[in-house]
Amino acid sequence: MSEIIAQARALLATSQPEKALEILSPHIQANSSSPEFLSILGETLLENNQLEEAYQVLTSACEIDPEANQGSEKFLYLGQIIGGQDGLNYINTGLNKLNEQLSFIQDTGNEDVQTILVGSGHNTLESLRKWIIKKLNSGIFASIEIWMTDLCMEEEAESKCNELIVFSLSIDPLNPEAYSQLSSIRISQQRNDEAIEALNKGWDLFKAKKTKLEDFANLKRDQAAASVDTETEVDDEDAFEIGMEYVELIQPLITLSKFAIELEEYDTATDIASNVQDINDSVLDAIYIEAIANIFKAKKLGAANISQHANGDANVDYRDFEILKLKQISDDNEEITNLLSEARLILTTGFKIINSDAVDDYDPSVVEQVNDLLNQLGGPIMSELMPKRESEKDDEDVDWENEIEYEE
């Protein structure tokens with residue numbers, strides 16, 4: 001059964017939850033009392049958007065293993081599904097077990113390493129430690145989310161969020177997502193200067209991580225090219241892990257870019273969204289965020305003229321200023337014109353994605369927002385929608401010897 005579970009995990013890691021469910025389904029009856037099997041089944045059902053089924057399976061898994069001795073992940077998943085105080089109780093069970101495991105391996109001598117690693121799925125103690133810290137942070141961030149939403153009116157909500165983020169940074173002080181969470185907490189506390197500081201720190205760490213992964217990927221590519229001649233084996237598993245970690249940057253970067261928009265740090269938001277498109281140029285959220293950052297920046301530049309174009313209301317929020325009226329102001333401001341043109345160009349790219357075969361993969365609300373903004377800006381740029389002609393080569397790129405031979 002451990003082989004089936006490993007296959008399912010591999011499929012989940014490669015964003016193939018439907019196939020993972022196909023592998024697990026024939027074995028459900030025979031493993032209805034296995035917490036480990038039920039945990040991976042619950043996670044797979046979640047990935048397939050079968051929330052009610054996932055809830056039932058994970059509840060059973062937690063009842064069979066109430067102290068998380070056979071894995072803590074099921075408690076983290078179930079806690080996020082339930083939310084509220086009951087959800088926190090489940091998450092805390094998982095966090096306590098993970099923290100116990102982290103303390104144990106940090107205090108363990110080398111002679112006990114192999115004993116710990118057996119059955120863990122990890123080859124080294126450092127790999128296991130990183131996995132535990134990653135899971136700890138996952139539970140910590142889920143707890144923060146509950147305190148900031150379901151339990152935001154509780155008296156201790158603010159202190160609990162502070163306590164959790166301090167703990168996260170203590171176990172992983174260079175985790176960019178922790179600084180993103182810190183920025184979110186400070187936004188909710190209306191401590192915007194500190195929020196911007198955390199935002200910038202998180203973005204610096206994300207950039208460093210992205211560059212490091214790109215360097216690793218380039219190195220692996222060079223090694224693969226060299227192995228053709230030298231017969232040197234290239235570690236495909238390492239290359240796969242690097243690729244997955246690279247793709248996993250997308251969602252936290254989108255979240256960070258949203259915080260940048262909220263904090264009116266539009267250049268930073270544009271920079272983050274642009275980097276998301278380096279990873280995957282079909283992420284509609286990133287396209288929308290980059291466009292709205294340009295639009296808000298244009299509106300902010302025109303703030304001095306807003307009052308005279310807003311029926312005399314000097315207190316109008318520049319972000320609510322109509323694009324049509326902003327375009328009238330832009331006639332005398334080249335920078336505003338350029339920002340609106342750039343936003344239209346970006347949204348035209350989004351328009352092409354929306355009208356592709358993959359449209360069903362995108363959030364309908366984001367599709368609607370992209371279309372609405374694009375209509376306000378004058379619609380898609382038609383020249384960008386035309387099929388690209390194969391550009392003629394410059395004279396310097398032409399192999400004139402072959403051209404001459406062909407003519408002869």
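1. Helices, as named in this note, are DSSP runs of H or I at least four residues long, and strands are E runs of at least two, numbered from the N terminus. The model is predicted: local features need pLDDT of at least 70, side-chain atom pairs count only at pLDDT 80 or more, and totals for chains, interfaces and linings use all residues. Residues are numbered from 1 along each chain as its sequence is written, and side-chain values use heavy atoms, with hydrogens and water left out.

2. Helix H2 (residues 17–24) has Pro17, Ala20, Leu21 and Leu24 buried (under 20% relative accessible area; exposed is over 50%, partly exposed in between, with a 1.4 Å probe and protein chains only). These residues lie on the same side of H2 because they cover an arc of only 100° around the axis, taken from the directions from the helix axis to the C-beta atoms. They pack against helix H1 (2–13) and helix H3 (35–47), contact meaning heavy atoms within 4.5 Å.

3. A nonpolar core is a set of buried Ala, Val, Leu, Ile, Met, Phe, Trp, Tyr and Cys residues joined through side-chain atoms within 4.5 Å. The largest has 56 residues, and Leu253 and Ile261 have the most contacts inside it. Elements giving two or more residues to this core include helix H11 (192–230), helix H13 (250–262) and helix H15 (284–301). H15 provides the largest share, 11 residues. Leaving aside residues up to four places away in sequence, Leu253 touches Trp203, Phe206, Ile272, Val276 and Ile279. A second, separate core of 31 residues includes Leu128, Ile132, Ala157 and Ile165.

4. The lining of the second largest pocket draws at least two residues from each of helix H6 (84–106), helix H8 (125–148) and helix H9 (157–171). H6 supplies the largest share, 6 residues. Of the 13 lining residues, Asn92, Leu95, Lys160, Glu163 and Leu164 lie nearest the centre of the pocket. (On a 1 Å grid over the protein atoms alone, a pocket is an open set of points where a 1.4 Å probe fits, with protein on both sides within 12 Å along at least five of seven lines; lining residues have an atom within 4 Å of a point.)

5. Asn375 is found in helix H19 and is exposed, with a relative accessible area of 57%.
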